[in-house]
Number of protein chains: 2
Amino acid sequence: MRDAYFDQLDTIVDELVTMTRDVKVALRKATLSLLTADVEIAEQVISEDSRIDSDRERIEERAFELLALQQPVASDLRMLIAALRMVADLERMGDLSVHVAKVARLRVPVVAIPDELVPTIERMAEVAESMVGRAAEIIANRDVEAARALEESDEEMDALRRSSFRVMLDDSWAHGVEPAVDMALLGRYYERIADHAVSLARRVVYLVTGEIATSEAP
Amino acid sequence: MRDAYFDQLDTIVDELVTMTRDVKVALRKATLSLLTADVEIAEQVISEDSRIDSDRERIEERAFELLALQQPVASDLRMLIAALRMVADLERMGDLSVHVAKVARLRVPVVAIPDELVPTIERMAEVAESMVGRAAEIIANRDVEAARALEESDEEMDALRRSSFRVMLDDSWAHGVEPAVDMALLGRYYERIADHAVSLARRVVYLVTGEIATSEAP
């Protein structure tokens, strides 16, 4: 009975890592659909989000079952609570990737992003994807040091966002309102994905050290 | 001992209701600062958000204590898990109100919203505020019927958002990029507040019926 219980706890961690990698794939495809105005890839991101949603349901059910039947204490309890919060973060990251794909789809066959902002979006996407990839490693290895380092990448995301506003609000902006609105929202989506990656990392810190982060999202 | 335990559970519900009302006040003030370009009110929303954050910490600590020390089962366990999720929703709603106030502050002494979009923002704010107020009642009374009805208000929010895009992207739009970008983001903030209100209501449905909502956010 107790062995099965520990197996179940391990399975939850494995499934969180898998779910984080699924989110990373969704994010990569969403960015690709955006930068290449590829409607098929955008549709894939949108339809495959149901897999991320069902990852979530499966992990939640398993965690609830363990909470209800095993009445775990101390570190196991902490782990299950953290898992419930992490799946919520991960599901939102999947939804945000879908939002990116939907902007891409809306503007097909045109690329939603004007040329001068393509490098900014590319870098935002790189930062976000790297943060999600590192979050998967952090969860797999319970790596508190790497978790703390993740917050620094989040600062680059904020700087990229500010620079995109400077470009859009400059007198030389020649693309009108629509691409600016798209860019403002896309910047917000990537920024939120990065915030949730930081949040995942903070949950691992909590899991290992018992420290509660002072804020849900940075 | 058990009496103190039930008192603690009741206290958590009371504190969730209080926190929801604090969020409603933050949202109302944020909208007021936005529509009147009032920097003092905007600053209040920003500085008073720390109260919402500490509401959250207090409720979380209480819930963790009960989870760890009392090993609650069945409906009490469900209630504590729901409470942990609800404080996360509520904290985000506070953060989103801060985002609204920051847009207001950034454009002072000018009102960020052009005249023709003021009625749309007013209605978005009304819908969001009413949803938050109803969420407080739903939590206080564990009202499953009212919780289910809340999803309909969320549809009005989506319609308002679409209509704001039609105005901004019309050829007659004469305000340039900046107010359009502000409006796109503000619309997103109000929409997300409404999403979180729906999420709060779904947690109450889960609490009362045991049904898990299929999605974190609508």
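How many residues does the contact take from chain A and from chain B? I looked this up before anything else. The contact (heavy atoms within 4.5 Å) takes 38 residues from chain A and 38 residues from chain B.

**Conventions.** I note that this is a predicted model, in which local features need pLDDT of at least 70, side-chain atom pairs count only at pLDDT 80 or more, and totals for chains, interfaces and linings use all residues. Residues are numbered from 1 along each chain as its sequence is written, chains are lettered from A and ligands numbered from 1 in the order in which they are written, and side-chain values use heavy atoms, with hydrogens and water left out.

**Interface.** I recorded the area next. The size of an interface is often given as the accessible area lost when the parts come together. Chain A and chain B bury about 3400 Å² between them (accessible area, 1.4 Å probe, that two parts lose on being put together, summed over both), and 60% of it is on carbon and sulfur atoms.

I then looked for salt bridges, taking a side-chain nitrogen of Lys or Arg within 4 Å of a carboxyl oxygen of Asp or Glu. The rule finds two across the interface of chain A and chain B. One of them pairs Glu60(A) with Arg85(B), with the closest N and O atoms 2.5 Å apart.

Which elements give two or more residues to the side of chain A that touches chain B? I find α2 (39-70), α3 (74-107), α5 (144-168) and α6 (177-209) of chain A; helices here are DSSP runs (H or I, at least four residues), numbered from the N terminus. The most comes from α6(A), with ten residues. By class, this side of chain A has 22 nonpolar, five polar and eleven charged residues; Ala, Val, Leu, Ile, Met, Phe, Trp, Tyr, Cys and Pro count as nonpolar, Asp, Glu, Lys and Arg as charged, and the others, Gly among them, as polar.

**Core.** Of its 155 residues, Tyr190(A) and Tyr190(B) touch the most other members. Neighbours within four places in sequence aside, the contacts of Tyr190(A) include Leu27(A), Leu34(A), Val100(A), Ile121(A) and Met157(A).

**Salt bridges within chains.** I count 42 salt bridges over all chains. Glu129(A) pairs with Arg28(A) at 2.7 Å between the closest N and O atoms. Glu129(A) lies in α4 and Arg28(A) in α1 (residues 2-36) of chain A, so the pair ties together parts 101 residues apart in sequence. Is Glu129(A) buried or exposed? With a relative accessible area of 14%, Glu129(A) is buried, whereas Arg28(A) is partly exposed at 49%; buried means under 20%, exposed over 50%, and partly exposed in between (1.4 Å probe, protein chains only).

Glu178(B) is partly exposed at 32%, while Arg107(B) is buried at 17%.

I also found a network of salt bridges linking Glu15(A), Asp55(A), Arg58(A) and Arg62(A).

**Two aspartates.** Asp95(B), in helix α3 (residues 74-107) of chain B, counts as buried at 12% relative accessibility. Asp115(A), in the loop between α3 and α4 (118-141) of chain A, is exposed at 68%.

Note on methods: Core = buried A, V, L, I, M, F, W, Y, C linked by side-chain atoms within 4.5 Å.
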